[in-house]
Each structure stands twice: as C-alpha cells, then as structure tokens.
Amino acid sequence: MDLQPISNRKKFQFDGFVRKETRERQEQTCGHCGKHNSEVGPLEVHHVLPIYIAFNFFPEVTLAAITSLDNAVGLCHDCHRLIHDGIDDLVQDDLDIVLELFAPVAQSLLQRYAVSASPNS
C-alpha cells in the first residue's frame, strides 16, 4: 500500500522540552531493549503513534497530540530502526494488524487532546 507523503515533517518534530522529559522519564534507558544511553549513545525520541500512520489513518489526531509527551518514547538508534522497519513491513504486508495495533494509541491521544466541537457544528 502506498501511503500519502507528509509535507513539512518539521512541524511534527518533538520540541526540546518533550525530548528532554522523555529521556529523563525513562532514566536515559531505551524503552525497548532497556540499555542505558552510556552503552548505546543518546536516545532518539520516537512517536508511539508514528506520524505517517496518524496522517494516513487517524487524521483526527491533532498536531498537539502527535508531538506530545504522551506520544513519545526514547529508543536507542538500533531499536528505533528496528521498530520503523517492522512498522514499514507491516504496512506493506498486513494493514489490518497495523490499524489494530495503533487504534488504541490513537484513541488515547484523541481522548487526552480532544478538540471541542464548534457551536455551529
């Protein structure tokens, strides 16, 4: 399946506060393998609900939710690559599993970052 490309990816990046808090919250350890950054280098902050999954399948999830601390996990470089490669393979092989995996994350973000309906809607 071909996903829609994302223009202006920079607007989806985590700000410095979220990156710092994510690393501190995890005590500088990878959220997947558990290795400390002293062993694996600085943690990369990953979107739990990936940008391209949100953009293509959960468009109602807001930018504030996508770039929030609630949607961030620190990973070592190797785990970050493995996770992205695994998600990319799943998107190509079994989209139903991808949607099943990420629907709860999207729902949680939607509940935390709900946009109020306008009075005219």
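Begin by selecting A72, which touches F14, V18, T22, R25, V45, H46 and V48 once residues up to four places away in sequence are set aside, a contact being heavy atoms within 4.5 Å. The model is a predicted one, in which local features need pLDDT of at least 70 and side-chain atom pairs count only at pLDDT 80 or more, while totals for chains, interfaces and linings use all residues. Residues are numbered from 1 along each chain as its sequence is written, and side-chain values use heavy atoms, with hydrogens and water left out.

Staying on A72, show strand β2 (residues 72-75), where this residue has its place; strands are DSSP runs of E with at least two residues, helices are runs of H or I with at least four, and both are numbered from the N terminus. A72 is buried, at a relative accessible area of 5%, where buried means under 20%, exposed over 50% and partly exposed in between, with a 1.4 Å probe and protein chains only.

Finally, colour the whole chain by secondary structure, which shows six helices and two strands in the order α-α-β-α-α-β-α-α. Of its 121 residues, 32% are buried, and among contacts with a separation of 6 or more, 81% are accounted for by residues 24 or more positions apart.
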